[in-house]
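Student: Before we go through the strands and the contact between the chains, may I see the sequence and the model?

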Amino acid sequence: MTTLVIAEHDNAELKGATLNTLAAAARLGGDVHVLVAGQGARAVADQAARAAGVAKVLLADAPHLAEGLAENVAAQVLAVAGSYSHILFPATAAGKNVAPRVAAKLDVAQVSDIIAVESPDTFQRPIYAGNAIATVQSGDAVKVVTVRTTGFDAVAAEGGSAPVEEVAAVADSGLSSFVGREVAKNDRPELTAARVVVSGGRGLGSAENFKLLDPLADKLGAAVGASRAAVDAGYAPNDWQVGQTGKIVAPQLYVAVGISGAIQHLAGMKDSKVIVAINKDAEAPIFGVADYGLVGDLFQVVPELAAAL
Amino acid sequence: MKVLVPVKRVVDYNVKVRVKSDQTGVDIANVKMSMNPFDEIAVEEATRLKEKGAATEVVAVSCGVAQSQETLRTAMAIGADRGILVQTDAELQPLAVAKLLKALVDKEQPQLVILGKQAIDDDANQTGQMLAALLDWPQATFASKVEVADGKAVVTREVDGGLETVSLKLPAIVTTDLRLNEPRYVTLPNIMKAKKKPLDTVSPADLGVDPAPRLKTLKVAEPPQRKAGIKVPDVATLVDKLKNEAKVV
């Protein structure tokens, strides 16, 4: 039994989500290999080779693998899929994009967003926005799985010394091409990897007011998130969205500001270690999950809190 | 250009589901059912393509129980021209749905299939990608903008950290994200008109597909409940608690 983990990276750096996925792979037992598909991604492969528990790294390097196009990456995974018993992807935008393509080509079911491994063929996964946890068993020969990164503590990034093996890159499918990317630039930690997250909701009232969260986030070294309501209202960009249809986070500290706490939002943050809620409505459902609730006007409380820290 | 739009009947967005006491699933008897919200966005997008003259026909498809007809009628009230129901009482998992849709694509020959990125019941986020794989078509998931011209679809996608744009050769698969559009409210005249639009019913067997589930659900349980904590009177107390009790700052 050998598991293949598909690395998440930007050709320069291995992303943390890979280390969480490696932790899920370790729970399966058996050897763990990593596939790095990219362009000029040798440094990523070397990084993956140092991660704990990795027995071998496969590196497929080609210009048409540079941008993670689903058609090409899925074909690359299939080209090396051979005798692997499990193929694991992080449940990130990139992993979710590619994994089902691989599963369908192998004619196997995919198990999405697992949060626990019960045995090599049995997994737990949330359904209905996390309002229920299903335990599912796969009878397929190969298990294609996406791993919810908050469900597994990352393995150590250093300590291993696996060999890196170059594998032949598949041909370009020619079906799709990369046009461009707009990556929001900021100095904050990545939302899904941050130790502290400060999130704003509709209570902020405007995109302008959302900036009120900055001094607090600066003080806490936090990533900034948003509820779907705030995103829908145009106060915050969609990639800040925390919830069922956005990002799933589980930081040490989650500060919910002006967020009422719809079930879809709670689905994205209720596994946080400590939750603080600041809301003027004492009846808001967010207080039902908050460790510390402060009923008050966020426009007074947030600056005061930033100053007090 | 014909556009195919698969739609799923799911528990309404606003319903908080309850796990059955025997842990065999969630209780969906007597709860409000609606079209999956992402699929509504897909129908709206296809309808807009038709209104812009980029599409000539919009065909809505649903796989599932007889009541999925209502979901198809909603799609037709938004703007789909006709509906196809693949009727079955069997449990349908994403791979089976992708196979049913592939059989219909082979028959209908659309140039574009627009699906919701995920259904809010099983939260699988698989069907569009699987259909693309089975057809060997390109895909653009999590779309926030779609432009169709000259045999291509140029799609802006919501990815971690920002947006990405890809160009796909048609025929292609697109899955919708929240910000692609805001679906219109269906009006009474359009609901009445939708009742007269054609709706065909076929079975998985007619399409030559075995929809048997591959994953066995052993148990469905309540998630661990988080207990409400305390309310603090002021910022000073909050800071004290975070420093000395929770020790997170």
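Student: What makes β4(A) and strand β9 (residues 143–147) of chain A a pair?

Tutor: In this predicted model, five bridges join β4(A) to β9(A), and the two strands run parallel. A pair needs at least two bridges, so β4(A) and β9(A) count as paired. One of the bridges links Pro90(A) to Val147(A) in β9(A).

Student: How do you know that strand β1 (residues 2–6) of chain A pairs with β4(A)?

Tutor: By the rule of at least two bridges: β1(A) and β4(A) share three, in the parallel sense. Thr3(A) stands opposite His86(A) in β4(A).

Student: Why is β4(A) called mostly covered?

Tutor: A residue is buried if 20 or more other C-beta atoms lie within 10 Å of its own. Five of the five residues of β4(A), 86–90, are buried, so the strand is called mostly covered. His86(A), Leu88(A) and Pro90(A) point one way, Ile87(A) and Phe89(A) the other way, and all are buried.

Student: What makes β6 (116–119) of chain A and β12 of chain B edge strands?

Tutor: The order in the open sheet of four strands is β6(A)-β7(A)-β8(A)-β12(B), with antiparallel pairing. β6(A) and β12(B) each have a single partner strand, so one side of each is left without a neighbour in the sheet. From one strand to the next, the twist averages 30°.

Student: How do you know that strand β7 (residues 122–127) of chain A pairs with strand β8 (residues 132–138) of chain A?

Tutor: Six bridges lie between β7(A) and β8(A), in the antiparallel sense. At least two are needed, so these strands count as a pair. Pro126(A) has Ile133(A) in β8(A) as its bridge partner.

Student: What joins strand β16 (residues 292–295) of chain A to β13(B)?

Tutor: Two bridges, with the strands running parallel. The requirement is at least two, so β16(A) and β13(B) qualify as a pair. Tyr292(A) stands opposite Ile230(B) in β13(B).

Student: How many residues of chain B are in contact with chain A?

Tutor: Contact is called when C-beta atoms, placed from the backbone, lie within 7 Å. On that basis 62 residues of chain B are in contact with 70 residues of chain A. Elements that each supply at least two residues of this side of chain B include α3 (94–108), β9 (162–169) and α6 (235–245). β9(B) gives the most, with eight residues. The residues of this side of chain B divide into 34 nonpolar, twelve polar and 16 charged.

How values were computed
Residues numbered from 1 in each chain as written. Chains lettered and ligands numbered in written order. Predicted model: local features only at pLDDT ≥ 70, side-chain atom pairs only at ≥ 80, totals over all residues. Contact = placed C-beta atoms within 7 Å. Nonpolar A, V, L, I, M, F, W, Y, C, P; charged D, E, K, R; others polar. Buried ≥ 20, exposed ≤ 12 C-beta atoms within 10 Å, placed from the backbone. Axes fitted to C-alpha atoms, helices over the stretch in contact; angles between N-to-C directions.
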